[in-house]
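This report is meant for a reader who is meeting the structure for the first time. Please keep the sequence and the 3D view at hand while reading the sections below.

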Amino acid sequence: AQLGEVAGRLAAKRAFVVTDPVLVGLGLADAVAAPLRAAGVTAEVYPGGEPEPSADAVARAAAAARDFQPDVVVGLGGGSNLDTAKLVALLLAHGGSPHDYAGEDRVPGPVVPLVCVPTTAGTGSEVTQAAVFTDTANHIKLSCLSRHLRPAVALVDPALTDGCPRRVTADSGIDALAHAVEAY
């Protein structure tokens, strides 16, 4: 419900919402777009997010975003959708492909303002400076690590996790535990 106010603070007029078909089907994409539209922000919902997003999936999302010309990118979903949104914000600002920015501190400057709205509680991607994508040609996952990828706003509403399937909730819990053990 606060997303319209948040978009206003970012002076947003056009928001590109990166999500996936499951969240569209559950009505969560509409629930997130509604406060944007109520605040006078034109919202475009992009439902092409996928688990472990490939560089090609990110490129398709970035192309759709370029056509729409947003001034804010909203990531809605689990870590994969949030990472896709981060990479879209990056490619809108600096062009190229995700491969150009793989590694640490390869992002040359600020990205398009980014708001992340998580629907799971596993990766913490809504507050990190990392974005992961899959290089399908080489069968590896790559990371872009930069302070510029840290979202401007993380809007965390625990009610968005209520409709997650049990398996997704369990996987997210295991992921959170793995991150905690790894940090330790």
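## Cysteines

With a disulfide taken as a pair of cysteine sulfur atoms within 2.5 Å, the count comes to zero disulfides. The sulfur of Cys116 has its closest cysteine sulfur in Cys144, at 14 Å, which is too far for a bond. Cys116 is buried, with a relative accessible area of 0%, and Cys144 is likewise buried at 0%; here buried means under 20% relative accessible area, exposed over 50% and partly exposed in between, using a 1.4 Å probe and protein chains only.

## Basis of the model

This is a predicted model, in which local features need pLDDT of at least 70 and side-chain atom pairs count only at pLDDT 80 or more, while totals for chains, interfaces and linings use all residues. Residues are numbered from 1 along each chain as its sequence is written, and side-chain values use heavy atoms, with hydrogens and water left out.

## The parallel sheet

Helices (H or I, at least four residues) and strands (E, at least two) are DSSP runs numbered from the N terminus, and two strands pair if DSSP finds at least two bridges between them. On these terms, five strands form an open sheet with parallel pairing, in the order S2-S1-S3-S5-S8. Its edge strands are S2 and strand S8 (153-154), each of which pairs on one side only.

Within this sheet, strand S3 (residues 72-77) and S5 pair in the parallel sense over five bridges. Leu76 has Val117 in S5 as its bridge partner.

## The hairpin of S6 and S7

Strand S6 (residues 130-135) pairs with strand S7 (residues 140-145) in the antiparallel sense, over six bridges. In this pairing Ala131 stands opposite Cys144 in S7. The hairpin has four residues between its strands, and His139 takes a positive phi near 60° in it.

## Positive phi in two loops

Glu52 is not a glycine, yet it has a positive phi of about 45°. Glu52 is found in the loop between strand S2 (42-46) and helix H4 (55-68), where it counts as partly exposed at 43% relative accessibility.

Asp105, also not a glycine, has a positive phi of about 55°. The loop that holds Asp105 runs between strand S4 (103-104) and strand S5 (114-118), and Asp105 is exposed, with a relative accessible area of 58%.

## Aromatic contacts

Rings of Phe, Tyr and Trp (its six-membered ring) pair if their centres lie within 6.5 Å, with planes under 30 degrees apart counted as stacked, over 60 as edge-to-face and the rest as tilted. A search of the whole structure finds two aromatic pairs. One of them is the tilted pair of Phe16 and Phe68, at 6.3 Å centre to centre and with 40° between the planes. Because Phe16 lies in strand S1 (residues 14-18) and Phe68 in helix H4, the pair ties together parts that are 52 residues apart in sequence.

Phe16 is buried, with a relative accessible area of 1%, and Phe68 counts as buried at 10% relative accessibility. Together with Tyr46, Phe16 and Phe68 form one aromatic cluster.
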